[in-house]
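Q: I'd like a close look at one part of this protein, if you can walk me through it slowly. I'm just starting out, so please take it one step at a time.

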Amino acid sequence: ADPTRLRQVLINLLSNAIKYNHSGGSVVIQTRSEGDEVVVTVRDSGRGLRPDQIANLFEPFNRFGADLDGIQGTGIGLTIVKAIVDGMRGRIEVESQPGRGASFAVTLPRAQIGAGRAGVVPATSTTAVDAAAFDTAWVASLGSGLILYVEDNPVNVLLVDELLKAVGGVQLIAEGSGQGGVERARECRPDLILVDLQLPDFDGFEVLHRLRADAATASIPCIALSANAMPEDVERGLAAGFVDYWTKPIDFAAFIAAMHRRFPAAGAAAPLTRRPAPAGRAP
Ligand code: MN
């Protein structure tokens with residue numbers, strides 16, 4: 001596996017196993033080989049899960065009332081964990097019964113380690129373990145950059161923030177109104193602005209219009225985000241000058257892939273530089 005991503009997955013599962021446990025409880029990690037696969041299991045002695053909870057476990061923001069118990073968390077960890085494991089061509093499965101703890105099994109394809117290697121892979125290298133087996137978007141970190149997200153729904157902000165944190169590299173700032181977004185953009189000069197089209201004060205088209213009217217923000221690429229997914233909506237967004245138009249709910253894999261195109265890691269490609277006043281769509 002990619003070492004960084006596998007570590008993220010295990011940290012998430014282990015912290016859940018501890019958080020949802022009880023005083024004096026236990027957490028057991030086991031690994032085993034199964035044919036061409038390796039299985040890592042994290043088992044806890046916590047409260048366990050009902051079948052209906054298991055069914056929705058990897059859906060974002062599904063915390064099953066844990067908020068009421070004062071347990072902190074965003075409820076998105078397992079969603080990200082699943083995306084990362086899927087990205088490494090693996091799978092994650094859970095077994096649990098109420099009151100009898102839970103067991104999370106992460107199954108990954110066994111790496112094809114080149115002849116002559118002792119089986120030790122440098123922590124910074126994925127090439128030695130058949131990088132082609134991974135969805136590289138989930139493996140590589142993004143290049144550095146600043147993204148402004150103008151969005152009035154805090155759940156969407158949280159989701160994008162967690163997604164970007166999972167990959168690492170760029171920094172996210174957010175504003176909940178059109179006016180706030182325009183002002184923040186002028187102040188911070190982000191490399192990219194994500195604009196929700198439905199905002200409480202004025203819409204995303206007006207945000208774009210105001211950004212374009214100010215020399216300080218005129219050339220910052222803007223991507224529209226909207227629940228409206230009709231072709232004419234998309235067309236209208238692109239015609240207005242958005243470099244891209246993404247529909248909600250956000251497709252994790254497409255989002256991460258797009259971020260890699262805009263923020264390539266140092267050394268992977270030329271770093272993102274702000275283009276002088278693009279007339280239309282960026283590539
Ligand atoms: Mn909105």
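How are H5 and H9 oriented relative to each other?

A: Before the details, keep in mind that this is a predicted model. Helix H5 covers residues 154–167 and helix H9 covers residues 252–262. Their axes lie 11 Å apart, and the two helices pack at an angle of about 60°. An angle under 35 degrees would count as roughly parallel, and roughly perpendicular begins at 65. The angle here is about 60°, so H5 and H9 are oblique to each other. The crossing also has a hand: H5 and H9 cross in a right-handed way.

Now for the side of each helix that does the touching. From H5, the residues involved are Leu159, Val160, Leu163, Leu164 and Val167. They meet Phe252, Phe255, Ile256, Met259 and His260 of H9. Sort the residues of this contact by type and you get 9 nonpolar, 1 polar and no charged.

Pro249 sits in the loop between strand S9 (244–247) and H9. The peptide bond that joins Lys248 to Pro249 is cis, with omega at about 0°.

Asp233 and Tyr245 are 12 residues apart along the chain, and their C-alpha atoms are separated by 8.9 Å. If you set aside the neighbours within four places in sequence, Asp233 is in contact with Asn228 and Tyr245. Asp233 has a relative accessible area of 24%, so it is partly exposed.

Helix H6 (residues 178–188) and helix H7 (residues 204–213) cross at roughly 25°, and their axes come within 10 Å. That angle makes H6 roughly parallel to H7. The crossing of H6 and H7 is right-handed. On the H6 side, Gly178, Gln179, Val182 and Ala185 make the contact, and on the H7 side it's Val207, Arg210 and Leu211. By type, the residues in the contact of H6 with H7 come out as 4 nonpolar, 2 polar and 1 charged.

The other pair is helix H1 (residues 3–19) with H3, which pack at an angle of about 150° with axes 10 Å apart. This makes H1 roughly antiparallel to H3. The crossing of H1 and H3 is left-handed. H1 brings Arg5, Gln8, Val9, Asn12, Leu13 and Asn16 to the contact, while H3 brings Gly77, Leu78, Val81, Ile84 and Val85. The residues of that contact split into 6 nonpolar, 4 polar and 1 charged.

Arg89 lies in the loop between helix H3 (77–87) and strand S3 (91–96). Its phi is near 60°, a positive value in a residue other than glycine. Arg89 has a relative accessible area of 49%, so it counts as partly exposed. Arg189, in the loop between H6 and strand S7 (192–196), has a positive phi of about 45° although it isn't a glycine either. With a relative accessibility of 41%, Arg189 counts as partly exposed.

Leu49 is found in the loop between strand S2 (37–44) and helix H2 (51–55). Leu49 has a relative accessible area of 12%, so it is buried.

Finally, zoom out to the whole protein. There are 9 helices and 9 strands. Of the 283 residues, 44% count as buried. Among contacts with a separation of 6 or more, 64% are between residues 24 or more positions apart. The protein exposes about 14100 Å², with carbon and sulfur atoms supplying 52% of it.

How values were computed:
Residues are numbered from 1 along each chain as its sequence is written. This is a predicted model: local features need pLDDT of at least 70, side-chain atom pairs count only at pLDDT 80 or more; totals for chains, interfaces and linings use all residues. Side-chain values use heavy atoms; hydrogens and water are left out. Helices (H or I, at least four residues) and strands (E, at least two) are DSSP runs, numbered from the N terminus. Buried means under 20% relative accessible area, exposed over 50%, partly exposed in between (1.4 Å probe, protein chains only). Contact means heavy atoms within 4.5 Å. Accessible areas come from the Shrake-Rupley method with a 1.4 Å probe; for residues, only the protein chains shown count as cover. Axes are lines fitted to C-alpha atoms, for helices over the stretch in contact, and angles run from 0 to 180 degrees between N-to-C directions. Angles under 35 degrees count as roughly parallel, over 145 as roughly antiparallel, 65 to 115 as roughly perpendicular and the rest as oblique. A crossing is left-handed if the near helix is turned anticlockwise from the far one by less than a right angle, and right-handed if clockwise. Ala, Val, Leu, Ile, Met, Phe, Trp, Tyr, Cys and Pro count as nonpolar, Asp, Glu, Lys and Arg as charged, and the others, Gly among them, as polar.
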